[in-house]
Amino acid sequence: MKNNLWNMLKKEIREMFRDKKSLSMMLIIPIMIPVLVIGMSALFESQVNKSVEEYNKIGFDYQLNDVESKIAESLQIEVSINEQKKLEQEYEKGNLDLYVTKKDHHYIIHGKDNETTSYATSLTDQFFTLYKEHLQQEYLSDNHIDPEEVVSIITIEEDIKATENFYANYIISYAFLFIIMAITVSATYPATDTTAGEKERGTLETLLTFPIKSKDIIIGKFLSVTLSSVITGLISLILTIVSLLLANNMFKIYNGVNLMLPLSSILFATIVIIAYSFLISGLCIAIASRSKTFKEAQSALTPIMFISFFPGMIAFMMKMETTTLFSMIPFLNYTLLFTDITSGNINFLHIFLMLLSTIVIIAVILSVIIRQYKSEKVLFSN
C-alpha cells in the first residue's frame with residue numbers, strides 16, 4: 001500500500017514538473033507580489049506627499065489686502081485675481097484648482113469634487129482659518145481686550161503615541177490576500193489536469209486497471225497538488241518579506257515602522273499557508289474530478305477564485321476580529337489569523353481550531369472523492 005501511494009505520488013510530481021503550465025502557475029504568479037507591494041506603496045506615498053504646487057492655484061474675485069496676501073504667500077498659494085465669470089472659465093480650462101467669490105463677509109469656495117479639489121479645499125480652508133484668527137485678534141485689540149487672554153483661555157497638549165501604521169497594515173493584509181490568490185491559481189491547474197485532464201486523455205482508465213486502490217490514487221494526486229500549492233505559497237511569502245523590506249527602505253510613509261515580520265510571525269504565517277494549501281487542493285480536486293473535460297473543470301473551478309479571495313477582503317474592510325467561531329470558518333479564518341499573526345497577536349487556540357477544522361474538511365472531501373473513484377462512472381468521459 002505504501003509503495004503504491006509513493007509510486008503514485010512520484011508519478012504525479014514528475015508529470016507536474018514536466019508540465020510548463022503547472023510550473024508557470026507555481027513560479028510566475030508569486031512574482032506579481034513585489035509589483036503589488038512596491039506599486040501600492042508608491043501610490044500611497046504619491047497621495048500623502050503630494051506637492052503643494054499641484055493644487056495651489058486659487059482664484060479670487062476680489063483684491064486681497066496686505067494681510068491676506070501675506071497669508072497666501074506663507075501657504076504658497078498662487079493667487080489669481082479676476083471677475084467670477086473669467087475665474088469660472090479658467091477653472092474649467094484647468095488653469096485653476098479652485099476659485100473663491102466674496103459678498104460682504106460671506107465667502108464661497110467653488111470647485112468640482114475630485115482628488116485635486118480636496119487638497120485645494122484643505123489649503124483654502126487653512127488660508128481662511130489664519131485670516132479669521134487675524135481678524136479676531138484685531139477685533140479684541142480694538143476693544144481693548146488682550147487677545148492672549150482669550151486665545152489662551154485653555155491650553156492643549158497632544159500626547160498621541162503611534163501604534164499602527166495604516167499603510168503598513170493595508171499593504172501586509174493585501175499581500176497575504178494575493179498569496180491566497182496565488183495558491184488558489186496554483187492549485188486549480190494541476191488539480192484539473194490530474195483529474196478531468198486524465199479523463200479526457202483516457203489515461204485515467206488505464207491507471208484504474210492497475211492493482212492500486214482508489215484511496216492511494218486520490219491521496220497521491222491530492223498530495224502532489226498540495227505540494228504545488230505549498231511551493232507557491234512559500235515562494236510568495238518569501239517574496240512578500242523581501243518586498244516589505246525594500247518598501248520599508250524606499251518609501252517615507254513607512255518611517256518609524258518596521259515592516260519586517262518577526263520570526264514567530266513568519267513561522268505561524270507558514271503554518272496558515274500550508275493549511276490553506278491542503279484545503280484548497282482538496283476542494284479543487286473534488287470539483288475537477290466531477291468534470292468530464294479539462295475545459296468543463298476550469299469553468300467549474302472559476303468561482304473558487306472569488307470564494308477564496310472575497311471573505312478575506314470583506315474581513316479586512318470591515319476590520320473583523322478573530323473569534324472562536326470565525327477561526328473555524330474556511331477561507332475567513334486564514335485571513336483573520338494572518339492579520340493577528342502579523343500584528344503579533346498569536347492565539348494558539350484559534351490556530352488549533354483552524355487546523356482542526358481544516359483537517360475535518362479535508363477528510364470529508366477525500367472520502368467523497370475516493371467514493372467517486374470507486375464508481376465505474378469515473379472511467380467514462382461520455
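A contact here means heavy atoms within 4.5 Å. This is a predicted model, in which local features need pLDDT of at least 70, side-chain atom pairs count only at pLDDT 80 or more, and totals for chains, interfaces and linings use all residues. Residues are numbered from 1 along each chain as its sequence is written, and side-chain values use heavy atoms, with hydrogens and water left out.

**View 1. I13 meets S224 and L227.** I13 sits in helix α1 (residues 2-18). Helices (H or I, at least four residues) and strands (E, at least two) are DSSP runs, numbered from the N terminus. Leaving aside residues up to four places away in sequence, I13 touches S224 and L227. In sequence, I13 and S224 are 211 residues apart. In space, their C-alpha atoms are 5.6 Å apart. I13 counts as partly exposed because its relative accessibility is 23%. The classes are buried, under 20% relative accessible area; exposed, over 50%; and partly exposed, in between (1.4 Å probe, protein chains only).

**View 2. The whole chain.** The protein chain has 14 helices and 4 strands. Of its 382 residues, 44% are buried. Among contacts between residues at least 6 apart in sequence, 74% join residues at least 24 apart. The chain exposes about 21300 Å², and carbon and sulfur atoms supply 60% of that area. Accessible areas come from the Shrake-Rupley method with a 1.4 Å probe; for residues, only the protein chains shown count as cover.

**View 3. Confidence along the chain.** pLDDT is the predictor's confidence in each residue, from 0 to 100. Its mean over the protein chain is 82, and 88% of residues reach 70 or more. Confidence is highest in strand β1 (residues 57-60), at 94. It is lowest in helix α9 (residues 203-208), at a mean of 62.

**View 4. Helix α6, end to end.** This helix covers residues 115-142, 28 residues in total. At 1.5 Å a residue it should span 40 Å, and its end C-alpha atoms are 41 Å apart, which agrees. The expected span is 1.5 Å times one less than the number of residues. Buried residues in α6 are T117, A120, L123, T124, F127, F128, Y131 and L140. H144 follows α6 and has a positive phi, near 60°.

View 5. A salt bridge is a side-chain nitrogen of Lys or Arg within 4 Å of a carboxyl oxygen of Asp or Glu. By this rule the count is 2. Side chains of opposite charge can pair when their charged atoms come close. An α-helix has 3.6 residues a turn, so residues three or four places apart point the same way. E90 is partly exposed because its relative accessible area is 28%. K93 is exposed, at 61%.

The other bridge joins E92 and K112, whose closest N and O atoms are 3.2 Å apart. This pair links distant parts of the chain: E92 is in helix α5, while K112 is in the loop between β4 (106-110) and α6, 20 residues apart. E92 is partly exposed, at 47%. K112 is also partly exposed, at 46%.

**View 6. Positive phi in two loops.** Most residues other than glycine have a negative phi. Q76 is not a glycine, yet its phi is positive, about 60°. Q76 lies in the loop between α4 (66-74) and β2 (78-81). Q76 is partly exposed because its relative accessible area is 44%. D104 also has a positive phi, near 60°, and is a residue other than glycine. D104 belongs to the loop between β3 (98-103) and β4. At 63% relative accessibility, D104 is exposed.

View 7. T358 is in helix α14. T358 is buried because its relative accessibility is 4%. Beyond residues up to four places away in sequence, T358 touches A275, L279 and Y334.

L349, F352, L356, V360, V364 and V368 make a nonpolar surface patch of about 520 Å². Patches are made of residues with over 30% relative accessible area and no salt bridge; like charges are joined within 9 Å, nonpolar side chains (Val, Leu, Ile, Met, Phe, Trp, Tyr) within 5 Å. V368 is placed in helix α14 (residues 348-374). At 37% relative accessibility, V368 is partly exposed.
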